[in-house]
Structures are given as C-alpha cells and as structure tokens.
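Have a look at the model first, then read on.

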Amino acid sequence: MRRVSRIALATAATAALAVSATACGGTSSDAAKSEDGGKSKGVAIAYDVGGKGDQSFNDAATAGMDKAAKDLKVGSKAVEPTDGESDADKVQRLTELAKQGYNPVIGVGYAYAPAVKEVAEKNPKVTFGIVDDATIDADNVADLVFNEEQSSYLAGVAAAKATKTKIVGFVGGVDNPLIRKFEAGFVQGVQDTDKSVKVKRQFLTDKAEDGGFSSPDKGKEAASGQIEGKADVVYHAAGLSGQGVIEAAAAKKVWAIGVDSDQYKQKPLAKYKKYILTSATKDVAGAVYNLVKSVKDGKAEGGVVRADLKSGGVGLADSNPEFKNMKDLQAELKKAEQGITRGKIKVKTTL
C-alpha cells in the first residue's frame, strides 16, 4: 500500500538560508552507491523551465537544497533545463544523477512526472521527489504538493481590499490545471471579499515550451494591458515571466502580488519592491529540505506530502511594511485565514 505523508512544512525551515555545499554525508543503508563505491553524494535537483535565478519557484527549491547542504552536511548538485527538451532528455538527466550517487533526486515541476516515474522504477533504492505533481504511485517517490489555491485566495482578499479602481488582474504563465488552481483561488478570494471588484485574467501560453514561465517580456506585456484597462493590483503565477509583471506594475505605480517566494525580499527585484504588496508563498524550500533530511535519517518519505495553510506550507508574505499597516486589509485576511483553516471556507481549485 502506498504511504501518504503529511509533513508540516513550517516556514522556519527556510530561515537563514545560505548558498553552501559541504562535504558529502551518509544516508540510510538503502542509499544509492556512487560509481566509486561511496555512499550518497547528497541531494540533486533538476530545475524546471526558467532555471536558477527565476526569483520564484526554482530559487525556492535551491534555497531548500542549500540549507540541507549546510545543516545536514550533505553534498548538492543542481542541473539546468535545456530549451525544447523532451521527456527523454529529462530521463537521461535524472538517470545520470542517480548513477552518480545522488539521493534524493528531485525534479522541480510537474513536467518531470513521466521521467521521474520511469527512472524511479529502474532505481528502487534511490528516493526521488517531484514538486507539484501527485500522480506517481511508488514507495520511493515523494510527491511534494501544495494547496496553492488557499494562498491565492488570500491574495484575492488582499487585492480586493487594496484596489481603488475596483479592477484587479491575474496573469498565469501557462494555461494548465496547476495554474488554474491559482486563478480559481484568487478569483474566489476577490469575489468573497467584494463582489463589485472585476478580475481581468490572462494566460501567457498554452504550453510551457512556448515560454509562459520563462519570458518576462510576455509577462510585462500582459500586465501592462491589464493596467491600461484600469487594474491597479496584478497577481501573477508565472515563474520567471512574473518579473515582467512586477516591472510593469512598478512602472505604472500600481500594486503587484508575487508568487511562490517572498518576492519583496528578492535582491534582483529590489528596485521594484515598493510596489510588491505581498506574495502568495509556498514552502518549496521546506519540502525539499524535509525530503533530504528524511533520506539522511534513513526514513525516506514516499507518497503524497501535502502542504497547506494550516501546516504553514502556503501563506501570504508580510515583508512590505505598508502592507502590514493596512489595518482593514489585515483584519479581513485574519478572518479569511481562520475560515480556511477551520474548514468554514472551502477554496475552489477550478472556476
């Protein structure tokens, strides 16, 4: 029977992250052996489109890997994607990482699902992780998933309270079920807070390979169009493309809402942070860290590992002092948070 795990991915797991790779440490007796006969070399992650430096999804995974390397004294390795790559390319990448002795091996993003499934079957002594996919049923695969619709609901509440024009925007990177969860939660949060607020919505591409998650210019163009249409708060779920959304909002001096990481704190976005109201976060860093630790402790997790608002695995960042000082908005958020965690508010995953 498949094991189903629910780990409370507390936000403290991502505190004081340092970019560090230390000497390799041991793992459980079931750890993969490297070609030289040694124990596990540590954790390896294979990036989603956008790669390292997206200030969002991939960088959160990097933060978890770096913290694990530092705290647990394990090795680490990250591999970038290539343009237009196939599932076969992903299979080769994961196979090489497993063969080299890394354990766990983590695919960042649902696009890795076919490859993780195939490679995990052939390497049963290696623990694999996949972020944002729950379709793989294998004891040596941890499906690291999140209730993104819940944090998006809170983003919708914040947008509805912050808007002055009564028009807000949503920019999704790719039109797929995952990003539709962000959209659904956001729209519901807006409408539950103020039914008079209109939500403009746009998806950048139908397929990830067309650049929906990796094209800041596309994000900027979409957000600019919404802002020209009087939207004064724009929420993005678009990975690297979201940088363009934030840039467009800052240029017009309206609010942007970030995603995945606390984008107010991202150094490359520092010149725009005055206009980053908040970010709908999910603790990808904590999920990666906890999986590495479970392997290091000899208790490797398998099955679905779900993070939600109640566990602290998703939430809303409050780094912007102006956001924290909006008393009416904060009161509405507190009420919404309690409604979700107590089960009184059921957040939709589709519209």
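Which residues touch the most other members of the largest nonpolar core?

## The cores

They are Phe186 and Tyr235, in a core of 63 residues. A nonpolar core here is a set of buried Ala, Val, Leu, Ile, Met, Phe, Trp, Tyr and Cys residues joined through side-chain atoms within 4.5 Å; buried means under 20% relative accessible area with a 1.4 Å probe, protein chains only. Helix H4 (residues 148-162) gives this core its largest share, eight residues. Another core, of 21 residues, lies apart from it and includes Ala222 and Val254.

Skip the neighbours within four places in sequence, and Tyr235 is still in contact (heavy atoms within 4.5 Å) with residues including Phe170, Phe182, Phe186 and Ile257.

The model is predicted: local features need pLDDT of at least 70, side-chain atom pairs count only at pLDDT 80 or more, and totals for chains, interfaces and linings use all residues. Numbering starts from 1 along each chain as its sequence is written, and side-chain values use heavy atoms, leaving out hydrogens and water.

## The sheet

Six strands form an open sheet in the order E2-E1-E3-E4-E5-E11, with parallel pairing. Helices (H or I, at least four residues) and strands (E, at least two) are DSSP runs, numbered from the N terminus, and two strands pair if DSSP finds at least two bridges between them. E2 (75-79) and E11 (303-307) are the edge strands.

## Another parallel pair

Strands E6 (residues 167-174) and E7 (residues 198-205) pair in the parallel sense over seven bridges. Phe170 has Arg201 in E7 as its bridge partner.

Technical notes: Buried < 20%, exposed > 50% of the residue type's maximum accessible area, 1.4 Å probe, protein only.
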